[in-house]
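Here is a short briefing to read with the model open beside you. Take it one topic at a time, and look for each part as you go.

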Amino acid sequence: MQSKTQVTSDIVSHIATLSNIPITDKETVNLAKEFTKVLEVVDHLALVDTSSVDPVGQVTGLESVMRSDEVQKERMFSQEEALRNARRTHNGYFMVDQVLDK
Amino acid sequence: MLNKLTLVETIKKIKAKEFSHKELYLAIEKQIQESNKTFNIYLSLDKQALQKAGKLLDTPLAGIPIAVKDNFLTKELPTTAASSVLKGFMSPYESTVTKKLMQSGGVVIGKTNMDAWAHGSSTETSDFGRTLNPRNIKYLPGGSSGGSSAAIAANMCTAAVGSETAGSIRQPASWCGVVGLKPTYGRVSRFGVVSMASSTDSPGPIGKTVEDVSILFEQIAGHDDLDATTPKKEVPQVTKTIRQGVKGMRIGICYTDHPDLIDKKVTKQILEAGKLFEKYGAQVTIVPVTEKLEKGKILKHDFSIGVYTVVQRSEVSSNLARYDGIRYGQNREYFGVEAKRRIMLGTFTLSKGYADKYYIKAQQVRNLYLQNFEQLFEGYDLLISPTTPSYAEPLGASIGNPMFGELEDMLLEPTSISGLPGISVPCYKDEQTNLYLGMNIVASWWQEEKMIQAAHLYESETPWNSWRIYV
């Protein structure tokens with residue numbers, strides 16, 4: 001059996017950054033414990049011999065389903081509809097926080 | 001009283017003008033007014049519902065009120081997936097399922113509570129408060145389609161829809177003593193359903209009887225150009241074959257010999273069901289459990305917990321990346337603790353250095369389950385098992401337990417990760433607690449008609465369906 005994965009607070013902080021999830025120091029410690037526990041259940045999979053099995057990502061067997069490259073006007077949003085749920089807009093645009101340095 | 005009628009009876013009687021839409025909607029609205037505050041089932045309600053229904057008498061669904069889980073996008077009611085992130089969100093487009101329901105003459109009377117983002121099996125992780133089980137308010141309704149199942153149990157609608165990724169229709173149906181049908185993956189379009197685990201998400205009906213869910217199934221199933229995972233397969237006319245019974249069918253009983261289940265009431269009920277099917281001409285055998293792939297045996301369900309945990313979290317981390325609070329919704333600070341857990345764990349299982357150990361390994365074991373079921377369905381028409389190991393859990397049971405859902409749904413996960421269809425029907429009621437047990441009947445891919453035949457026969461020949469007296 002493969003070794004147990006110990007999820008440390010550093011790993012939790014790293015994945016919080018990767019997934020853009022804001023968490024407190026206390027949450028970090030708790031999540032590290034929880035993830036270690038959950039992965040113990042998952043580590044159980046190491047008992048299964050999969051040396052001759054391919055991974056599957058889907059079950060229907062459908063592949064590369066295409067539609068014709070045509071504009072479907074009835075599905076288009078007006079600018080008003082597209083902006084309706086945004087909290088911040090400016091002159092018909094979505095507003096975002098600045099991400100590049102000034 | 002009119003709110004207690006089944007879908008079948010309601011359509012028949014309203015078309016025969018035995019009562020009006022006004023009388024029906026008044027009965028349902030009265031029930032909602034009396035109990036929604038206690039049960040916390042509806043997150044939003046359509047005040048124009050009756051007005052819409054009046055014009056729909058000559059349609060297949062005749063203007064009956066349908067409760068819809070709050071992860072289906074609707075243009076006229078808010079869609080929140082029970083998360084603060086989407087509070088107040090008004091979708092600019094309609095989901096295929098609700099569109100089809102409306103085209104068939106159904107009226108979306110309201111949107112029902114659920115585990116936030118469908119992450120859970122209790123409806124306790126909703127950001128808008130938990131739903132109580134109408135059969136006994138000290139207990140959970142199950143989830144994630146807990147609101148839709150509770151709406152049926154409380155007679156607050158005539159029919160309902162939910163969605164299942166691994167148990168989210170059948171488990172709450174079982175706990176609330178109602179009928180839940182999870183179609184084959186790809187049978188019902190996911191277009192306009194808030195994405196959770198895209199490779200297993202399956203919308204489906206929840207109702208009072210097997211015939212009720214069969215009617216809705218026919219209306220919502222079928223290929224959709226807007227969802228590339230729906231094959232162009234003909235939808236079986238399940239309401240026409242529903243009374244054909246189980247004569248000649250080969251039925252396998254699964255998981256009853258598992259150490260955790262061996263002494264349980266539900267196990268006894270499943271074995272009794274086997275005898276009933278035998279009496280009606282089916283060939284019934286016990287499918288032995290195995291730890292390795294073996295012909296004629298079923299792979300033990302324990303591994304599927306790990307597979308589902310990894311696959312679901314991984315797909316969640318990708319699907320929930322879109323909620324950035326820019327185009328709609330609030331920012332990522334508004335995610336609840338369960339969503340944060342799942343997004344982060346999924347990010348971890350897909351991250352460099354861990355993806356092979358977790359994600360790829362899980363998808364390999366998933367393939368073993370697929371191969372196992374392909375082989376099993378060569379020898380069986382149906383597989384039956386308990387829907388959940390036991391009765392509804394008490395309020396609070398899910399709190400602080402990140403694996404709550406996985407353990408409650410462990411009997412459903414092997415078939416869910418394989419995309420198989422299943423139906424849960426009530427198979428016992430405890431007179432003391434008024435809580436129910438459920439039987440899960442699974443058919444091979446695209447053969448929903450067979451499980452419906454068996455479920456209908458069982459429902460007709462046993463006393464467990466609480467709406468029998470109204471039929």
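In this predicted model, G180(B) has S424(B) as its bridge partner in β12(B). That link is part of the pairing between β5(B) and strand β12 (residues 422-430) of chain B, which run antiparallel and are joined by three bridges.

**Around strand β5 of chain B**

- On another side of the story, β5(B) also pairs with strand β6 (residues 202-207) of chain B, in the antiparallel sense and over two bridges.
- Within β6(B), G207(B) is the bridge partner of V179(B).

**Chain B as a whole**

- Chain B has 15 helices and 13 strands.
- Its radius of gyration is 21 Å, close to the 23 Å that the globule rule gives for 471 residues, so chain B is as compact as a globular protein of that length.
- Along the principal axes, the C-alpha atoms of chain B fill a box of roughly 60 × 60 × 45 Å.
- Of the 471 residues in chain B, 62% count as buried.
- Among contacts in chain B with a separation of 6 or more, 75% come from residues 24 or more positions apart.

**Where chains A and B meet**

- The contact takes 38 residues from chain A and 49 residues from chain B.
- On the side of chain A that touches chain B, α1 (9-18) and α2 (25-43) each supply at least two residues.
- The largest share of that side, six residues, comes from α2(A).
- Sorted by class, this side of chain A has 23 nonpolar, nine polar and six charged residues.

How values were computed
Residues numbered from 1 in each chain as written. Chains lettered and ligands numbered in written order. Predicted model: local features only at pLDDT ≥ 70, side-chain atom pairs only at ≥ 80, totals over all residues. Contact = placed C-beta atoms within 7 Å. Helix = DSSP H or I, 4+ residues; strand = E, 2+ residues; numbered from the N terminus. Nonpolar A, V, L, I, M, F, W, Y, C, P; charged D, E, K, R; others polar. Pairing = 2+ DSSP bridges. Rg over C-alpha atoms; globule rule 2.2 N^0.38 Å. Buried ≥ 20, exposed ≤ 12 C-beta atoms within 10 Å, placed from the backbone.
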